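Hi,

Here is the structure I promised to pass on to you. Have a look at it first, and then read my notes below.

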Amino acid sequence: MTDRPADPTSPPASPAQPTALPVRALDTSAEHPWPVRLLSSKITAYIDRMSPVWVEGQVVQLNRRPGASMAFLTLRDTDADMSLPVAALAKVFESASTPLTEGAHVVVHAKPVFWPKRGSFQLQASEVRTVGIGELLARIEHLKRILAAEGLFDADRKVPLPFLPAVVGLVCGRESKAEHDVVVNARARWPQVRFEIREVAVQGASAVSQVSAAIAELDARPDVDVIVVARGGGAVEDLLPFSNEALVRAAAACRTPLVSAIGHETDTPLLDLVADYRASTPTDAAKRIVPDVGEERARVLQARSRIRAAITHQLQREQSRLDSARSRPVLAAPETMISTREQQVLAARDRARRSLDAILLRAHGEVDRLAAQVRALSPASTLERGYAVVHGPDGGIVRSPDDVSPGDALHVRLASGAIDATVR
């Protein structure tokens, strides 16, 4: 509140108070306080200077008595737990484009008013306009683009759901059909699953704060493996809290895997886009968060059957290879390998011997032939036929009588020995 000089309309000082009242709030003290009437008058003057303002919010606690000239409602903020009282002539509410009901989204043109007698504040409305579905959807689409640009809907932010959660956190309405669908179907699939259920308002002015708080509470629990936010179908207005920016950001901040199961398959609130998994219905969420024990047992049996068949086939194939190897002669009669090689060595030795004998025989015949030729050409052979070789005194061979003279000593070589002679 801005301090200003005392208002000329302020009540005069009490005769019992000789000193003047402080002009500014800063000048007050325990010895010099303002009376309630002065503070109330200053608040009234300050608020009276405020211009009429357009305010947007959600209608709660609508009070319209039949025949009464005034009607009252509470206008609650759609994102925060704050509200303001609103009063207006009954005809102002009746002139709204659509009939006002609790939960309606409205824009109010009102003048702030302070009532000093009871120290209360309220808005005096002169016009009330309901926000149409088209405009709300346009706002959601605009918010969707903003959040998408921030990366809140990116696929790389999403984490896979656990295969078999021990504890499932469930955020749902009080005694709702969505709770029944999730719990019954999940336990039918996996009876050992446990639930931490938080029953909250899933529509209306308090839905955003309660659902956000429930998500944060379950996310803080280390034993909760996955969180499911479930709500049955409804009108577009009923599902608006799940497209609220505060709720969407609370879901984006959740570290535990989050499943959104809001409305029917055709409903797509923004919570579906930021969640790690979007289930078309609460029943679909139950089927997604836990496996079917019957199906898993069948898969185990099928896997065991395939493993057994594979092992049997492998054993049969190896047995067949072993039998084939054992049936080979080398394994049926191992000595055959040695005896066969022995026979081959002996046969090779015999062939070598025969070849050597043939070579030696041919060589012997060739030697005999060459020896005969040598003997035939040898002087000794000539001598054996009765010839002699005469050597002159100089040792040379005498081939003609003219080669010697009478009295020369001669040496005569015979086939068997030699004789000396003298030329006469």
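**What I found**

Let's start with asparagine 185, which is found in helix 4. (Helices here are DSSP runs of H or I with at least four residues, strands are runs of E with at least two, and both are numbered from the N terminus.) Asparagine 185 is partly exposed because its relative accessible area is 25%; buried means under 20%, exposed means over 50%, and partly exposed is in between, with a 1.4 Å probe and protein chains only. Asparagine 185 and alanine 415 are 230 residues apart in sequence, and their C-alpha atoms are 136 Å apart in space.

Before going on, please keep in mind that this is a predicted model, in which local features need pLDDT of at least 70 and side-chain atom pairs count only at pLDDT 80 or more, while totals for chains, interfaces and linings use all residues. Residues are numbered from 1 along each chain as its sequence is written, and side-chain values use heavy atoms, with hydrogens and water left out.

Is strand 6 buried or exposed? Six of its six residues are buried, so strand 6 is largely enclosed by the rest of the structure. Both of its faces are covered: Val167, Gly169 and Val171 are buried on one side, and Val168, Leu170 and Cys172 on the other. Strand 6 pairs with strand 7 in the parallel sense, over six bridges (two strands pair if DSSP finds at least two bridges between them). Within that pairing, valine 171 has arginine 198 of strand 7 as its bridge partner.

**Salt bridges**

How many salt bridges does the structure hold? There are 16 of them, a salt bridge being a side-chain nitrogen of Lys or Arg within 4 Å of a carboxyl oxygen of Asp or Glu.

- Arginine 198 counts as buried because its relative accessible area is 16%, whereas glutamate 217 is partly exposed at 39%.
- Arginine 249 and glutamate 245 meet through their side chains at 3.0 Å, N to O, in another salt bridge. Both sit in helix 6 (residues 245-252), four residues apart, which is about one turn of the helix. Both are partly exposed: arginine 249 has a relative accessible area of 32%, and glutamate 245 has 31%.
- Arginine 299 forms a salt bridge with glutamate 296, and their closest N and O atoms are 3.0 Å apart. The two lie in helix 9, three residues apart, again about one turn of the helix. Arginine 299 is partly exposed at 48%, while glutamate 296 is buried at 16%.

There is also a network: Glu196, Arg198, Glu217, Arg221 and Asp223 are joined by salt bridges that share partners.

**Helix 9**

Helix 9 covers residues 293-326, so to speak in numbers: 34 residues and 48 Å from the first C-alpha to the last, close to the 50 Å expected at 1.5 Å a residue (the expected span is 1.5 Å times one less than the number of residues). At the start of helix 9, a side-chain oxygen of aspartate 292 comes to within 2.8 Å of the backbone nitrogen of glycine 294.

Most residues other than glycine have a negative phi. Glutamine 61 is not a glycine, yet its phi is positive, at about 55 degrees. Glutamine 61 is found in strand 1 (residues 53-63) and is exposed, with a relative accessible area of 56%. Glutamate 175 also has a positive phi, near 50 degrees. Glutamate 175 lies in the loop between strand 6 (167-172) and helix 4 (177-189), and counts as exposed because its relative accessibility is 75%.

Happy browsing!

Methods. A polar contact is a pair of N or O atoms within 3.5 Å; within protein, one must be able to donate a hydrogen and the other to accept it, and residues adjacent in sequence count only if both atoms are side-chain atoms.
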